[in-house]
Amino acid sequence: MLDHLGQTKRTHNCGELRKEHAGQMVTLMGWVNSFRDHGSVLFVHLRDREGITQVIFDENHNLELLTRGKQARAEYVLAVTGKCVLRDEKNYNPNMATGEVEIIAEELKVLNDCQTPPFEIDNCKASEELRLKYRYLDLRRPEMQSNFRLRHQLALAARRVLDEEGFYEIETPILTKSTPEGARDYLVPSRTSPGKFFALPQSPQLFKQLLMIAGYERYFQIARCFRDEDLRADRQMEFTQIDLEMSFVQPDDVFNVIEPLICEFFKVVGIEPPARPFPRMSYKEAMNRYGSDKPDLRFGLEFVDLSAQFEGGAFTVFAEAVKKGGVVKGIVVPGAAQWSRKHFDEILELAKRYGAPGLAYVQVLEGESKSSLAKFLGTDGINALIKTAGAKAGDAILMIGGKWDVVCTSLGAVRLEVSRRENLIDENEYRLLWVVDFPMFEYHDDDKRWYAMHHPFTSPIDEDLDKLEGGDLGSVRAKAYDLVFNGNELGGGSIRIHRSDVQAKVFKALGLTEEEAREKFGFFLDALSYGTPPHGGIALGLDRIVMLFAKAKSLREVIAFPKVASGSDLMTDSPSAVTPEQLAELKIKTLV
RNA sequence: GGAGUCGUAGUUCAGUUGGUUAGAACGCCGGCCUGUCACGUCGGAGGUCGCGGGUUCGAAUCCCGUCGGCUCCGCCA
């Protein structure tokens with residue numbers, strides 16, 4: 001039989017009672033975390049958001065109440081009133097914050113019962129699939145509740161810091177206009193304009209720029225963004241950004257807002273904040289030294305350029321690569337001289353997945369070193385190589401030669417894999433940096449045209465403005481920057497174009513005719529011409545920030561109701577079919 | 001779109017070379033138990049081996065297909 005809550009009021013939560021409370025009458029409400037029935041005495045651990053407290057039902061104290069208490073099962077919802085008492089010292093439970101006290105039940109209300117849960121909340125060993133199907137149960141687990149407390153605290157800190165810095169929080173539309181650049185849009189059919197569609201925003205990009213044009217000077221929003229692309233452990237189709245924009249600024253001004261904000265996050269989680277200013281590295285340098293535009297600086301394995309060693313040499317594969325304008329780069333891996341052939345082969349396979357033509361290596365030994373290159377370079381050549389690379393006995397040098405970007409990217413992947421295999425990452429270290437001076441454009445071989453690397457409203461750096469016309473678009477640098485945290489891209493932004501003439505040149509460079517530009521961004525181009533202040537901003541991935549501070553392996557651990565890799569929601573079983581009537585109303589026919 | 005990997009009781013897993021009645025732990029149900037907090041103890045129930053097809057005297061096991069989860073490539077800032 002269930003009881004009504006009635007006028008019973010909770011006096012304390014399940015995490016706050018200490019020995020100072022001994023002697024007080026208290027009322028707790030929560031879920032049965034566990035129970036142990038000893039016949040004439042029953043122990044119940046009652047759990048709520050704040051913690052767990054032990055409640056005792058005792059035959060000598062109240063037989064009728066004990067009998068009723070014994071009906072409780074896992075996850076029943078109880079209201080218990082009783083006296084908080086100090087436990088005998090030998091009965092302290094040091095594993096519980098409330099372990100020095102317990103509640104002797106005087107009154108019990110069973111507010112609700114519970115089916116046998118599909119997995120134990122207290123001791124969850126369930127697969128992620130099952131956890132997601134019963135997400136509301138999964139979210140009861142203290143580990144998950146702690147993730148969402150952290151998420152709340154970080155979002156709150158962001159609001160506090162940005163408010164102190166003079167930012168207004170302003171909402172922008174969720175139903176907006178499809179823009180073909182960038183990621184695939186989620187489309188929403190318009191009933192009132194049959195055959196036409198809204199798009200869900202990939203980011204509030206244009207709206208926040210319009211707010212600058214509108215004179216709001218400093219805007220921020222904790223904004224939901226949508227991208228119809230395949231998911232990853234660190235990528236959901238629907239995610240949250242701390243999005244902001246500022247007027248009359250250069251990149252430094254943005255950094256000077258973001259760095260204190262990030263430091264505040266460290267304070268919230270109780271970790272010593274990193275030193276400021278955060279280091280900065282150009283895109284080119286990051287690629288050259290680490291093979292990534294989001295280098296993980298928690299470990300070394302920096303690239304050594306070995307092009308000069310191979311130029312014109314007997315190892316024709318590498319010599320040819322250099323001759324054609326490519327490079328040969330290597331990393332020195334401590335201890336890897338002992339690796340098995342199989343181990344090297346696995347690394348080679350990885351490099352190939354990233355487009356590397358091959359992978360050469362030298363196993364550096366006390367006496368003669370081992371390498372497949374020995375027959376080309378001779379002992380002297382190998383020794384010279386070892387010296388240039390700075391390798392010691394016991395190390396191995398892994399080398400890739402070819403086109404610059406392929407070498408950097410594939411060796412970067414090798415560097416990361418090696419760091420994992422060799423356990424080179426200190427999980428308690430936090431390394432932040434700004435990656436700056438990104439290329440403005442990147443060339444896509446498949447459709448033979450240039451694309452904006454960031455987005456087409458990014459300002460080129462002043463010195464490169466001239467290069468927009470007449471030529472070498474690949475060398476134009478953008479006033480764009482990414483914030484990188486332990487090898488993860490936490491956010492990115494740029495100073496925007498505020499002049500119509502510059503914007504027109506960029507569109508032209510991207511191959512957009514004036515008519516196309518007008519059709520796609522006409523409203524925005526109009527706005528640009530009405531006194532746009534210089535402005536710029538950034539967006540930080542809130543989910544990723546929470547994930548990193550929570551040391552979670554996937555975004556799904558810090559998003560309350562996430563999608564799985566295939567893009568569906570296992571709890572609601574969405575997406576799902578809709579009725580023919582719904583489609584008819586929208587004038588939509590499906591092809592499947 | 002592609003690659004790898006996993007799918008057996010409510011859950012997590014084991015399951016030998018293809019062999020007779022598919023096991024364990026936890027959970028669940030019932031009994032006993034006054035100090036447990038991973039309680040203990042006695043007993044019990046619980047299986048479409050993801051699904052479909054094939055090979056075989058015989059399939060959880062081998063083959064083909066398919067569905068679903070995870071990780072990655074492509075894609076994505």
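Phe-248 sits in the loop between strand E10 (238-247) and helix H6 (251-269). In this predicted model, Phe-248 has a positive phi of about 60°, although it is not a glycine. Phe-248 counts as exposed because its relative accessibility is 56%, and the cut-off for exposed is over 50%.

**Backbone features in loops**

- Asn-486 also comes with a positive phi, near 50°, in a residue other than glycine.
- The loop that holds Asn-486 runs between strand E20 (480-485) and strand E21 (488-495).
- Asn-486 is buried because its relative accessible area is 7%, and buried means under 20%.
- A cis peptide bond leads from Arg-276 to Pro-277, with omega near -10°.
- Pro-277 belongs to the loop between helix H6 (251-269) and strand E11 (280-282).
- The peptide bond from Ser-574 to Pro-575 is cis as well, and its omega is near 0°.
- You will find Pro-575 in the loop between H15 and H16.

**The chain as a whole**

- Chain A has 592 residues, and 48% of them count as buried.
- Its secondary structure consists of 16 helices and 22 strands.

- RNA strand B is surrounded by 48 residues, and the closest are Arg-36, Asn-60, Arg-227, Glu-229 and Asp-230.
- By class, the surface near RNA strand B is made up of 15 nonpolar, 15 polar and 18 charged residues.
- Sugar or phosphate accounts for 54% of the atoms of RNA strand B that lie within 4 Å of the protein, and bases account for the rest.
- At Ala-183, a polar backbone atom is 2.9 Å from a phosphate oxygen of RNA strand B.
- At Arg-227, an N or O atom in the side chain is 3.2 Å from a sugar or linking oxygen of RNA strand B.
- At Asp-230, a polar side-chain atom lies 2.6 Å from a base nitrogen of RNA strand B.
- Two or more residues of the surface near RNA strand B come from each of strand E1 (25-37), strand E2 (41-48), strand E3 (51-58) and helix H2 (128-133).

**The second largest pocket**

- The second largest pocket holds about 640 Å³ of space.
- This pocket is lined by 19 residues, and those closest to its centre are Tyr-186, Leu-187, Pro-575, Ser-576 and Val-578.
- Strand E7 (187-189) and helix H16 (580-585) each supply at least two residues of the lining of the second largest pocket.
- With 3 residues, E7 gives the most to that lining.
- The lining of the second largest pocket has 13 nonpolar, 4 polar and 2 charged residues.

**The cavity**

- The whole structure has 1 cavity of 30 Å³ or more.
- The volume of the largest cavity is about 40 Å³.
- Its lining is formed by Tyr-290, Ser-292, Lys-294, Pro-295, Asp-296, Gly-412, Arg-415 and Leu-416.
- Helix H12 (residues 404-421) provides the largest share of the lining of the largest cavity, 3 residues.
- Sorted by class, the lining of the largest cavity has 3 nonpolar, 2 polar and 3 charged residues.

- Ser-566 has its place in the loop between helix H15 (542-549) and H16.
- Ser-566 counts as exposed because its relative accessibility is 63%, and exposed means over 50%.
- The side chains of Ser-566 and Ser-568 are joined by a polar contact of 3.3 Å.
- Ser-566 and Leu-231 are 335 residues apart along the chain, and their C-alpha atoms are separated by 7.2 Å.

**Cysteines**

- A search for disulfides across the whole structure finds 0.
- Cys-124 is in no disulfide, and the nearest cysteine sulfur, that of Cys-114, is 14 Å away.
- Cys-408 is buried because its relative accessible area is 0%, and buried means under 20%.

Key:
Residues numbered from 1 in each chain as written. Chains lettered and ligands numbered in written order. Predicted model: local features only at pLDDT ≥ 70, side-chain atom pairs only at ≥ 80, totals over all residues. Heavy atoms only, no water. 1 Å grid on protein atoms, 1.4 Å probe; cavity = no way out; pocket = protein on both sides within 12 Å on 5 of 7 lines; lining within 4 Å. Points joined across faces, edges and corners; volume = space filled by probe spheres on them. Helix = DSSP H or I, 4+ residues; strand = E, 2+ residues; numbered from the N terminus. Nonpolar A, V, L, I, M, F, W, Y, C, P; charged D, E, K, R; others polar. Near = heavy atom within 4 Å. Polar contact = N/O pair within 3.5 Å; in protein donor to acceptor, adjacent residues only side chain to side chain. Disulfide = S-S within 2.5 Å. Buried < 20%, exposed > 50% of the residue type's maximum accessible area, 1.4 Å probe, protein only.
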